[in-house]
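Here is a short briefing for a first look. Keep the sequence and the 3D view open while reading.

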Amino acid sequence: MSLFSFFTLPPAHRIRWAGALVAGMISFAAVGQPTLAWDTVTASPNTSEFAQSTIRLSANRFVTVGHWDSLITTPTYRTLERPLLYLTDRRGRILRKQRAIAPFAIESMLYEAVATHKGFHALWADPLLLHHTYRREIWATFDTLGNVIAHRPLTTDTLYSRTQYLDLPGGLLTVGFKGSSSRINQTEVRRLDDSGQVVWQRRMGYWSFGYFIQPLLDGSYAVVSTDPTQYGRINQNLFRFDYKVYRITAGGTVLDSAWVGVAGAWESPFQVKATTDGGLLICGFESPFPASNPRRGTLIKLDSTFQEQWKYAVSDTCCDAETGVEIRDAWETANGQYVVQTVGLTGTNWHEVIPPAQSGQPASTGWTYALPPITRPAAHDIRYLLYESGSPAYGFGQYDGDFFAPQPTNQPDFYQARLTGLPAPAVLDYCRHPPSQPVVTMSALVGDSIRFSVNGALQTAGPRYAEISLVEWDFGDGTPVQQGWDVWHRFASPARVAVRLRLCNNLSCCRDSVFYPFGQPVGVPEVAALPAVSVYPNPSASGHFTVQTSALATGAQLTVLDATGRTVWHDTANGAQTPLDLSRSAAGVYLLRVTWPDGRASSKKLLR
């Protein structure tokens, strides 16, 4: 790792690199019996490659973004950071590898990738990242082949660091921390529009570092930060950072907050995830005081009010506050248990965590398995683990032979591995309550110009704290779409066109409606908008899906077509949820067609 890369990591992550470098990659072939399915290592002579973010683009395609560097011989020992992009398939084969990515500068890096329906977004940063400060950032949009199709600069202060962002209909939601010349930091959440301009920003805490922002099932967001002010300073340069969690809406309103964990301990998160009961998981570590005590990896389960229900802790007698155990990842399983990944000087381990019968009691351990190190010659830092119900999990990261060896001997390379037999994760249905049917008025302004208005006072966004984040009009005459609750449009002629309105909330749940401002085309009856249909998980490598809608009428016909138009599955809906089984079909893109009892039809793309 270069010095540049080392100092851009959050404090806990820098210690992670220095203290926990022995990690492995395996798979669970049976309950608690892991084996390595395969791994792919890409050698790059005289360069080092670092994965910053990995996402799934389709059932058979992943994208990993990050940076690579090569040695520049200077007295100050610096490296040249350059953007890196990998497209790989489920077998680890490289479909595309990009190092020179226009229009970015030579010295730059890509991070925080998020999938979209047309490709993916990623953030770009220049190399002037020192002590969590960004001089310039660009929000880039890529197609499914990894080509840049749009980019816009983000308004960024000199002493500002962003650690995570969420892609919303109509913009971004980011979390990080704002610094000052006196080294006083505040957690900062910002909402950006489609052009990258700030819509609102909220700063919270004092000496606070914001790490994660996680959508919850009620439509709000959990902002997880660390803050030393609950207990105070130990001395001028030593703090006890405690977890502080805020609940915030998409409109920037802070609803409540809570201190979490052990007061006075040094705590830091590695991962945050929502749970099916509306609660939250925080994976990380705690280092009790004094510093001679070993660091413990912790998994903290919070309820929907951010009250601690239980904690699972892992420690090792070999270590101290700087080099103990950390819980890097965890997920809730479909059977109500939890799986955690721990990393320490003794290696990487997997644990099944059984929650207690009552709140306040400690969680217990089911099975435990220690991962053997990957070959050629040692792996470290399983950066990303992608998994879904009924399918293998995929791990991504980089490996090297000797982290402490000088350049160019130390040259981490990108790897990908497949793990099978992992317990199925629970599926969170964020679209259980989609936006309500809109009330729209249409009034003529002049001639063929018409004003369209949505009555926002009567509009429900979905869950309790959800908000409408996108109001988009497609006028059906080939002109660009418009956004807003109140718009007007001049048609070329009073043709019998269909105007389509899309309302999306901040959880990316949308409802489409159709209007005919100049009357119905001949033979087209006046009908209400089609009920919303959702399918999850999608994509599903196992081929097992669930079709759900809040208004799915019994008797609706469900048909799945392959790319050639051949019917591969058919069933009749019977209630709000219908299982869909494509496990015997080949991986690829399929089309689900829902034919309603009144003869209307809607469709949705499935990725197997």
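Glycine 176 has glutamate 188, in strand β14, as its bridge partner. This is a predicted model, in which local features need pLDDT of at least 70 and side-chain atom pairs count only at pLDDT 80 or more, while totals for chains, interfaces and linings use all residues. Residues are numbered from 1 along each chain as its sequence is written, and side-chain values use heavy atoms, with hydrogens and water left out. Strands (E, at least two residues) and helices (H or I, at least four) are DSSP runs, numbered from the N terminus.

**Strands β13 and β14**
- β13 (residues 171-178) and β14 (residues 186-193) pair in the antiparallel sense over eight bridges. Two strands pair if DSSP finds at least two bridges between them.
- Eight of the eight residues of β13 are buried, so the rest of the structure largely encloses this strand. Buried means under 20% relative accessible area, exposed over 50%, and partly exposed in between, with a 1.4 Å probe and protein chains only.

**A three-strand sheet**
- An open, antiparallel sheet has the strand order β33-β34-β37.
- Its edge strands are β33 (440-444) and β37 (486-490), each pairing on one side only.
- Neighbouring strands here are turned by 20° against each other on average, direction ignored. Axes are lines fitted to C-alpha atoms, for helices over the stretch in contact, and angles run from 0 to 180 degrees between N-to-C directions.
- Five bridges join β34 to β37.
- Arginine 451 stands opposite tryptophan 488 in β37.

**Glutamate 467**
- Glutamate 467 sits in the loop between β34 (449-454) and β35 (468-474).
- Glutamate 467 counts as partly exposed because its relative accessibility is 29%.
- Its contacts (heavy atoms within 4.5 Å) include Thr249, Ala461 and Cys504, leaving aside residues up to four places away in sequence.
- Serine 220 is 247 residues from glutamate 467 in sequence, yet 8.9 Å away in space, C-alpha to C-alpha.

**Backbone exceptions**
- Most residues other than glycine have a negative phi, and most peptide bonds are trans.
- The bond from tyrosine 536 to proline 537 is cis, with omega near -15°.
- The bond from asparagine 538 to proline 539 is also cis, with omega near 15°.
- Proline 537 lies in the loop between β40 (534-536) and β41 (544-548), and proline 539 is found in the loop between β40 and β41.
- Glutamate 112 has a positive phi, near 55°, and is found in strand β8 (residues 109-115).
- Serine 508 has a positive phi, near 65°. Serine 508 is in the loop between β38 (499-505) and β39 (510-515).
- With a relative accessible area of 38%, serine 508 is partly exposed.
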